[in-house]
Amino acid sequence: MAYEKLLITQPILDDQELLEMARMIEESRIDDFALNVTWFEPERTVDKVVLGREESAWGWVQRIDMNRKQIKLVKDDGFWWIYFNRLMRIERV
(Lines give C-alpha, C1' and ligand atoms only; values in the text may rest on other atoms or scores of the structure.)
Protein backbone atom coordinates (compact mmCIF):
# COMPACT_ATOMS: atom_id res chain seq x y z
CA MET A 1 0.00 0.00 0.00
CA ALA A 2 2.75 2.48 0.87
CA TYR A 3 4.48 1.82 -2.46
CA GLU A 4 1.29 2.48 -4.40
CA LYS A 5 1.05 5.92 -2.82
CA LEU A 6 4.38 6.79 -4.44
CA LEU A 7 3.08 6.03 -7.93
CA ILE A 8 2.14 8.96 -10.16
CA THR A 9 0.15 9.52 -13.34
CA GLN A 10 2.02 10.58 -16.44
CA PRO A 11 2.02 14.36 -16.83
CA ILE A 12 0.66 15.87 -20.04
CA LEU A 13 3.15 18.14 -21.78
CA ASP A 14 2.24 21.12 -23.93
CA ASP A 15 3.45 21.61 -27.51
CA GLN A 16 6.16 24.09 -26.51
CA GLU A 17 7.70 21.64 -24.01
CA LEU A 18 7.63 18.86 -26.63
CA LEU A 19 9.31 21.06 -29.25
CA GLU A 20 12.02 22.11 -26.81
CA MET A 21 12.73 18.47 -25.88
CA ALA A 22 12.88 17.48 -29.58
CA ARG A 23 15.37 20.29 -30.23
CA MET A 24 17.58 19.24 -27.31
CA ILE A 25 17.50 15.57 -28.38
CA GLU A 26 18.58 16.42 -31.92
CA GLU A 27 21.31 18.79 -30.70
CA SER A 28 22.64 16.15 -28.30
CA ARG A 29 22.83 13.63 -31.13
CA ILE A 30 24.55 16.02 -33.54
CA ASP A 31 26.78 18.02 -31.17
CA ASP A 32 27.50 15.13 -28.79
CA PHE A 33 26.62 16.77 -25.45
CA ALA A 34 25.11 15.09 -22.41
CA LEU A 35 21.50 15.36 -21.28
CA ASN A 36 19.69 14.44 -18.10
CA VAL A 37 16.51 12.71 -19.26
CA THR A 38 13.49 12.01 -17.05
CA TRP A 39 10.75 9.68 -18.25
CA PHE A 40 7.60 7.96 -17.02
CA GLU A 41 7.92 4.23 -16.32
CA PRO A 42 4.46 2.60 -16.14
CA GLU A 43 3.89 0.12 -13.31
CA ARG A 44 0.22 -0.76 -13.22
CA THR A 45 -3.28 0.27 -14.30
CA VAL A 46 -5.96 1.07 -11.73
CA ASP A 47 -9.47 1.87 -12.98
CA LYS A 48 -8.12 2.56 -16.50
CA VAL A 49 -5.54 5.02 -15.10
CA VAL A 50 -1.90 4.15 -15.72
CA LEU A 51 0.27 4.65 -12.65
CA GLY A 52 4.03 4.58 -12.62
CA ARG A 53 7.20 6.18 -11.41
CA GLU A 54 9.68 8.76 -12.59
CA GLU A 55 12.99 7.40 -13.92
CA SER A 56 16.02 9.50 -14.71
CA ALA A 57 19.42 9.00 -16.35
CA TRP A 58 22.06 11.10 -18.01
CA GLY A 59 23.98 10.40 -21.17
CA TRP A 60 24.29 11.22 -24.85
CA VAL A 61 21.64 10.62 -27.48
CA GLN A 62 23.26 8.11 -29.79
CA ARG A 63 20.27 7.25 -31.96
CA ILE A 64 16.75 8.39 -32.74
CA ASP A 65 14.53 5.54 -33.96
CA MET A 66 11.53 7.09 -35.70
CA ASN A 67 9.98 3.68 -36.49
CA ARG A 68 9.86 2.58 -32.87
CA LYS A 69 9.50 6.17 -31.59
CA GLN A 70 12.45 5.89 -29.20
CA ILE A 71 15.75 7.51 -28.41
CA LYS A 72 18.86 5.62 -27.34
CA LEU A 73 20.58 7.32 -24.41
CA VAL A 74 24.10 6.01 -23.75
CA LYS A 75 26.90 6.50 -21.25
CA ASP A 76 29.99 4.53 -20.31
CA ASP A 77 28.24 1.97 -18.12
CA GLY A 78 25.05 1.34 -20.10
CA PHE A 79 22.23 2.55 -22.30
CA TRP A 80 18.46 3.06 -22.25
CA TRP A 81 15.84 3.00 -24.99
CA ILE A 82 13.25 5.62 -24.05
CA TYR A 83 9.89 6.05 -25.82
CA PHE A 84 9.08 9.58 -27.02
CA ASN A 85 5.63 9.49 -25.43
CA ARG A 86 7.10 8.76 -21.97
CA LEU A 87 9.47 11.72 -21.85
CA MET A 88 8.82 14.12 -18.99
CA ARG A 89 11.86 16.43 -18.81
CA ILE A 90 15.19 16.97 -20.52
CA GLU A 91 17.98 19.16 -19.20
CA ARG A 92 21.43 19.84 -20.55
CA VAL A 93 24.16 18.54 -18.23
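In this predicted model, K72 sits over the face of F79, 4.7 Å from the ring centre. A charge is taken to sit over a ring if NZ of Lys or CZ of Arg is within 6 Å of the ring centre and within 35 degrees of the ring normal. R92 does likewise with F33, over whose face it lies at 3.6 Å from the ring centre. Residue numbers start from 1 along each chain as its sequence is written, and side-chain values use heavy atoms, with hydrogens and water left out. Local features need pLDDT of at least 70 and side-chain atom pairs count only at pLDDT 80 or more, while totals for chains, interfaces and linings use all residues.

Back to K72: this residue stands opposite W81 in strand 5. Strand 4 (residues 70–75) and strand 5 (residues 78–83) run antiparallel and are joined by six bridges; pairing of two strands takes at least two DSSP bridges between them. The link from strand 4 to strand 5 is a hairpin of two residues. Strands here are DSSP runs of E, at least two residues long, numbered from the N terminus.

As for aromatic pairs, the structure holds one. It is edge-to-face, because the rings of W58 and W60 have their planes at 65° and their centres 5.4 Å apart. For such pairs, rings of Phe, Tyr and Trp (its six-membered ring) must have centres within 6.5 Å; planes under 30 degrees apart count as stacked, over 60 as edge-to-face and the rest as tilted. W58 is partly exposed at 38% relative accessibility, and W60 is also partly exposed, at 26%. On this scale buried means under 20% relative accessible area and exposed over 50%, with partly exposed in between (1.4 Å probe, protein chains only).

W58 belongs to strand 3 (residues 49–65). Setting aside neighbours within four places in sequence, W58 is in contact (heavy atoms within 4.5 Å) with A34, L35, N36, L73, K75, W80 and V93. With K75, 17 residues away along the chain, the C-alpha separation is 7.4 Å.

T38, in strand 2 (residues 35–46), is buried, its relative accessible area being 3%. Its side chain makes a polar contact with that of S56, at 3.5 Å. A polar contact is a pair of N or O atoms within 3.5 Å; within protein, one must be able to donate a hydrogen and the other to accept it, and residues adjacent in sequence count only if both atoms are side-chain atoms. Beyond residues up to four places away in sequence, T38 touches E54, E55, S56, L87, M88 and R89.

Conventions: Helix = DSSP H or I, 4+ residues; strand = E, 2+ residues; numbered from the N terminus.
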